[in-house]
Amino acid sequence: MEAAELWEIALRSLWVAGLATLLAALPAVPLGLWLALKGGGGFFGRALLYAGLALPSVVVGLFFYLLLSRSGPLGSLGLLYTPYAMVLAEAVLAFPLIAAFVLSGARGRVEEVRLLVRSLGGREGQVLPTLFWESRRTLAAALAAGFGGAISEVGAATLVGGDIRHHTRVLTTAIVVETRKGELESALALGFILLGVALLVTALLIILERE
Amino acid sequence: MGSMRAIFLLAACLSGQALGLRLATTTSVYDSGLLDRVLPAFERATGVRVEVLAVGTGQALRLAERKDVDAVLVHAPELEGEALRRGVLAEPFCLAQNRFLLVGPKGDPARVRGVGGILEALRRIARAQAPFVSRGDRSGTHLKELALWRAAGLTPRGGWYLESGAGMGQTLVLAAEKGAYTLSDLATHLTVGRKRGLVALYAGEDPLLLNPYTYYLVPGGPKAKEAAALRRFLATEEAARLVAGLKVEGQALFQPLRGRCIIPGSGGR
């Protein structure tokens, strides 16, 4: 495989997974914090969220395929077999990861933060933003988990992206193609690039967390 | 320079809406490199971009049924005939053919080397209960294999009969690892199977083993005009030359059919 194509595939993986992580984080972070404030979301809330961690990516892929297919309810959008379809499916997969990390990171701090807000004469409504600020360290781990889940996923990416060369091929689906062709060396090289990208992004998040 | 290129590529990715013609084809066609040879000439001549989805024939026909692709290039004559009758596919063009081969380990535990026919070879494998890997994915190769077992009067079952559920290349890799027999198309065997140490054990001139690939339009898709243009291009002498010129170590992988279909019931003209 040529270097230019390798670059193209790695970059696509990066922006698809990155966008999916952001899209998922927008609702997942507030949800995680809110559940933490409500004493962990209760048994059912937590069971549902943690079960979401086991969400099989092919099932999510199948769901989005049926939704976005030309004969499906959202077929007219023309999103199937585009990178945006992959972003949507991967966001759904990253959502429970991010929410669960935020929840488990923030839960232990709730009482401490509530006392702090009250002692400074704040209202209950100010607890959530303060909790967000105090949990910002957990946020890096949560985003890294969501991003890692999104970029390393292959089932949904194949079903809704279609692994079209120069259009929806990402690192994981490229590894599948190279393996299928018996080009195991190329497949392995792509695997190392995938690990490198994940490492780089995680390192960046940790640096941001320190700032 | 490098970063400029990266930014350019990123912009190209972001303008992601599909503009091209979508063609579903089989993993055997895709992995052989046939389309990489033929499609660039078409894209240059017409400016139409072709987006290729490499799936099994069964899945390709399902995608056609749901209008998720504009054209297919497949190799399962019976399924194609049925899809034609139901109006899922239209205007077949027989593009190329090659042959299926029975491949297996050098040691040949079931002694099929030099046997008189493919059906006898399969009977020997079943009798010896030698490991055999089936694709098991409703691909053209899988359907052909099932038809051959039926013709041999056998129902393969038992610990020796493995189903990979994977593409041709991966199935060959699996067969090599397990020391098993499998049915393969010529192209994938030459590019993958041989590298993994499998040998062709039966490759006779048996009409049962002919493997024709046919291009069809999917009526009602948004890119019907482009799909028809590709059909016209595949019928040109240039396309036939490109097909015939695809070789691995001097051996041609496909013979162009130029629209002549040799198998009755494949629905061609």
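Start at the contact between the two chains of this predicted model: chain B brings 25 residues to it and chain A brings 23 residues. To see where the chain B side comes from, select helix H1 (2-14), helix H2 (27-32), strand S2 (50-54), helix H8 (168-178) and helix H9 (186-193) of chain B; each supplies at least two residues of the side that touches chain A. Colour that side by residue class and it divides into ten nonpolar, eight charged and seven polar residues.

Next, select strand S4 of chain B, residues 90-104. Of its 15 residues, twelve are buried, so the strand is mostly covered by the count of 20 or more other C-beta atoms within 10 Å.

- Strand S9 of chain B, residues 210-217, pairs with S4(B) in the antiparallel sense over seven bridges. Pick B:Phe93 here; opposite this residue, in S9(B), stands B:Tyr215.
- Strand S12 of chain B, residues 255-256, runs antiparallel to S4(B) and is joined to it by two bridges. Centre on B:Ala96 to find B:Pro256 of S12(B) opposite.
- Strand S7 of chain B, residues 181-185, forms an antiparallel pair with S4(B) through four bridges.
- Strand S8 of chain B, residues 199-202, is also antiparallel to S4(B), with three bridges between them.

Finish on B:Val103. Which residue is its bridge partner in S7(B)? Select B:Thr182 in S7(B) for that partner. In S8(B), the bridge partner of B:Val103 is B:Ala200.

How values were computed
Residues are numbered from 1 along each chain as its sequence is written. Chains are lettered from A and ligands numbered from 1 in the order in which they are written. This is a predicted model: local features need pLDDT of at least 70, side-chain atom pairs count only at pLDDT 80 or more; totals for chains, interfaces and linings use all residues. Two strands pair if DSSP finds at least two bridges between them. Two residues are in contact if their C-beta atoms, placed from the backbone, lie within 7 Å. Ala, Val, Leu, Ile, Met, Phe, Trp, Tyr, Cys and Pro count as nonpolar, Asp, Glu, Lys and Arg as charged, and the others, Gly among them, as polar.
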